[in-house]
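Here is a short report for a reader meeting this protein for the first time. Please look over the sequence and the model before reading on.

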Amino acid sequence: MTVDAPVNDLVPTPGATPDEVLVAGEWRRGTGAPITTVDPATGRTLATVTGAGTADVDAAATAAARAAADPAWRRLPPHLRARLLHRIATLVDTHADALSALQTADTGKTRAETLALVRSAAATFRYVAAAVETAEDAVTPSRGDYVTLSRHEPIGVVGAITPWNSPIASDAQKLAPALAAGNAVLLKPAEWTPLVALALGRIVHRALTEEGLPTGLLAVLPGPGTVTGDAIVRHPAVGKVAFTGGTRTGRAIGRIAADKIMPVSLELGGKSPTVVFADADTETALAGVLFGIFSSSGQSCIAGSRLFVHRSRYDAFLDELTARARALRVGPGTDPATQVGPLVHHRHRDHVAAYVDLARQEGARVRCGGAAPEGERYRDGAYYLPTVLDGLPPTARVCREEIFGPVLVALPFDDEDDLVAQANDTVYGLACGLWTRDAATAWRVAGRIDAATVWINTYKQFSAATPFGGMKESGLGREKGRDGIRAYQRQQSLYWGTGGPLPWAAS
């Protein structure tokens, strides 16, 4: 596609997606294996994209390093970088409906959710634009005849590896601050869901061209993590990697980064507790727990997948929760009535089903769900019913391992100390939800739970201005907020002599 094509051609319709990847500022066929992406609601092939091979990664990284060092970009003042980000945000908003439709086709998510993710991406670019334009460095207190300053410089080339469960929003969360910080970016979307990242790449490519900036500042390189992702992480031109995905892969990236002495940010898995105290408002808690686990079909790192209910309310609350979970509307993301769409891929649906089968073997009571829905509408899709399990000890595998699907495990607790012990008995520390009318309880327990994000009487709400990340095996580093830009920069200290005597100077 040429850069002077009509703007409304930037986002293709599902099934008409170009097979090119963005390498070294140009759209061209990749040298890697082809990637076939499937509509999880129907099982039909959406598009075949040429994957990016190791030669493409090398070409992209070399061009990115050159673009990052280009004075047209390196010396661009922050307010002009902000102008670029605002232009990207405008283009994303202009094509919001088309981007939403493309993402629903590629991921199975409901149109309401994908439209919200697109709007979130645009808002991220706008927030980061404002943050970089108003960012300040410091004149630090001097201890002698010199002026001391602290300033921040770009890293150079950043690798951004994003997951399949929230394309475009995750892409923007890394791409916006990395560009704002003055870097070039190698973006690798998930192999299962590359289409929206490629469309976003066309938008950014257009904005760079309009602003007269080096188009090599962004490459979009879909491909297997073991090939394309590994090549990005290992490339000597890459000075930082920002990764969102599974803990096992994050640990492998961390090992490579340690060998390179390279900074990383890792947003990894979770098994987040959501807690209903004895005094919780029933309706608020029911709605929040259901949304926390079954929205996105449970395919969310911060899904509230472990439910703790005070023993005095356990049976009644779980009975009502089960009835409401059973009534959730399962269907394709294109149906406005759908609340729970298909899972992203048939292989992932089978992975989730295997965990529920394991739970049965461990003695779980399946309160609802526990199977794929029946009927012609669901026959070819990757659907799985909202599932509620209980009757298991906290040591059961399904109570401890991330399932990443519409599966909720319920457990009772007796008092605060019992709750904290159970909630913290996990390798993860990403998120937590608390449902209580008592402010003191909420404040105290939030401080005792090993979770980097705690929601109180709400769940899965996000702000671009608020840092996000994990504790323990849920991750390393933070994204979002004003400091999110600094995570893509190197701090430099300057000492500026003011004429005082120097050691060993001639008298």
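## Basis of the model

This is a predicted model: local features need pLDDT of at least 70, side-chain atom pairs count only at pLDDT 80 or more, and totals for chains, interfaces and linings use all residues. Residues are numbered from 1 along each chain as its sequence is written, and side-chain values use heavy atoms, with hydrogens and water left out.

Helices (H or I, at least four residues) and strands (E, at least two) are DSSP runs, numbered from the N terminus. Two strands pair if DSSP finds at least two bridges between them.

An open sheet is built from 7 strands in the order 14-15-16-13-12-18-19, with mixed pairing. Strand 14 (365-368) and strand 19 (453-456) are at the edges; each has a single partner strand, so one side of each has no neighbour in the sheet. On average, neighbouring strands of this sheet are turned by 25° against each other, direction ignored. Axes are lines fitted to C-alpha atoms, for helices over the stretch in contact, and angles run from 0 to 180 degrees between N-to-C directions.

Within the sheet, strand 12 (residues 273-276) pairs with strand 13 (residues 306-310) in the parallel sense, over 4 bridges. Pro-273 has Arg-306 in strand 13 as its bridge partner. Helix 10 (residues 282-294) lies across strand 12, strand 13, strand 15 (387-390), strand 16 (407-413) and strand 18 (431-435). Helix 10 runs at about 135° to strand 16. Contact here means heavy atoms within 4.5 Å.

## Two other strand pairs

Strand 10 (residues 238-244) and strand 11 run parallel, joined by 4 bridges. Phe-243 stands opposite Leu-266 in strand 11. In a regular strand the side chains alternate between the two faces of the sheet. Strand 11 (residues 264-267) is covered on both faces. Val-264 and Leu-266 are buried on one side, Ser-265 and Glu-267 on the other. Buried means under 20% relative accessible area, exposed over 50%, and partly exposed in between (1.4 Å probe, protein chains only).

Strand 3 (residues 34-38) and strand 4 (residues 45-50) run antiparallel, with 5 bridges between them. Thr-37 has Ala-47 in strand 4 as its bridge partner. Strand 3 and strand 4 form a hairpin with 6 residues between them. Gly-43, in the turn, has a positive phi of about 80°.

## Cavities

Rolling a probe the size of a water molecule over the atoms shows where empty space is left. On a 1 Å grid over the protein atoms alone, a cavity is a set of points where a 1.4 Å probe fits but cannot get out, and a pocket is an open set with protein on both sides within 12 Å along at least five of seven lines; lining residues have an atom within 4 Å of a point. Grid points are joined across faces, edges and corners, and a volume is the space filled by probe spheres set on the points. A search of the whole structure finds 6 cavities of 30 Å³ or more.

The largest cavity has a volume of about 90 Å³. Its lining includes Thr-124, Tyr-127, Val-128, Gln-173 and Lys-480. Helix 5 (111-133), helix 6 (169-180) and helix 16 (483-486) each supply at least two lining residues. Helix 5 has the largest share, with 3 residues. This lining divides into 5 nonpolar, 4 polar and 1 charged. Ala, Val, Leu, Ile, Met, Phe, Trp, Tyr, Cys and Pro count as nonpolar, Asp, Glu, Lys and Arg as charged, and the others, Gly among them, as polar.

The second largest cavity holds about 70 Å³ of space. It is lined by 13 residues, of which Ala-303, Ser-305, Glu-402, Ile-403 and Phe-404 are the closest to its centre.

## A pocket

The second largest pocket has a volume of about 270 Å³. Of its 16 lining residues, Pro-78, Arg-81, Asp-137, His-152 and Gln-489 lie nearest its centre. Strand 6 gives the most to this lining, with 4 residues. The lining divides into 6 nonpolar, 2 polar and 8 charged.

## Two loop residues with positive phi

Ser-297 is in the loop between helix 10 and strand 13. Its phi is near 55°, a positive value in a residue other than glycine. Ser-297 is buried, with a relative accessible area of 4%.

Phe-404 is in the loop between helix 13 (397-400) and strand 16. Phe-404 is not a glycine, yet its phi is positive, about 65°. Phe-404 is buried, with a relative accessible area of 17%.
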